[in-house]
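The sequence and structure are shown first.

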Amino acid sequence: MAHGTGLIAALEEATRSYGDGGIPIGCVLLDDSGRILGRGHNQRIQKSSPTLHAEISALENAGRQKADVYRGTTLYTTLSPCSMCTGAILLYKIPRVVIGENVNFKGDEDLLRERGVQVTVIDDRDCKRLMSRFIRERPEEWHEDIGELAESSRSRLPL
């Protein structure tokens, strides 16, 4: 299966999120035949959710699946998965993850590999540009999404 189809769909989701005022991360879950089971994008801002990252959204939109279905899938995400999303990938034993980029953020790729997940990083220019644009424009929301304090927020914290 060519990486293009999954990554293109994930980037469409990321672009949609950005257009909706959200964090531009998209994800799709494909079965071995290349059929999209679920697609989603980060909606933490749009739905005021603490957990609705792109990977979680795609899994939610795929609906309830039997364990053997997940074991025949590939998850495509525009950005390296965080700890929470890595946990979901491991929980459902998704065997393959294709990452658009890991320059703007490197999640738990090593843990995925240690647990036997095949991880491929595409280093896609469009994924990098969209994410870096968002980080420049809205650093506080970006840092909130990854559970970090923004530099500008740190200076306002009491000692």
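Predicted model: local features only at pLDDT ≥ 70, side-chain atom pairs only at ≥ 80, totals over all residues.

Helix 2 spans residues 54–62, and its buried residues are A54, E55, S57, A58, L59 and A62. Just after helix 2, G63 adopts a positive phi of about 75°.

The charged side chains come next. The structure contains 13 salt bridges. One of them pairs E12 with R39, with the closest N and O atoms 3.0 Å apart. Because E12 belongs to helix 1 (residues 3–19) and R39 to strand 2, this pair ties together parts that are 27 residues apart in sequence. E12 is partly exposed, at 43% relative accessibility, and R39 is also partly exposed, with a relative accessible area of 28%.

R39 also meets the side chain of E13 in a salt bridge, at 2.7 Å from N to O. E13 lies in helix 1, so its pairing with R39 in strand 2 links parts that are 26 residues apart in sequence. E13 is buried, with a relative accessible area of 6%.

A further salt bridge joins D145 and R44, at 3.4 Å from N to O. D145 lies in helix 7 (residues 139–145) and R44 in the loop between strand 2 and helix 2, so the pair ties together parts that are 101 residues apart in sequence. D145 is buried, with a relative accessible area of 6%, and R44 counts as buried at 11% relative accessibility.

Definitions and conventions
Residues numbered from 1 in each chain as written. Heavy atoms only, no water. Buried < 20%, exposed > 50% of the residue type's maximum accessible area, 1.4 Å probe, protein only. Helix = DSSP H or I, 4+ residues; strand = E, 2+ residues; numbered from the N terminus. Salt bridge = Lys/Arg side-chain N within 4 Å of Asp/Glu carboxyl O.
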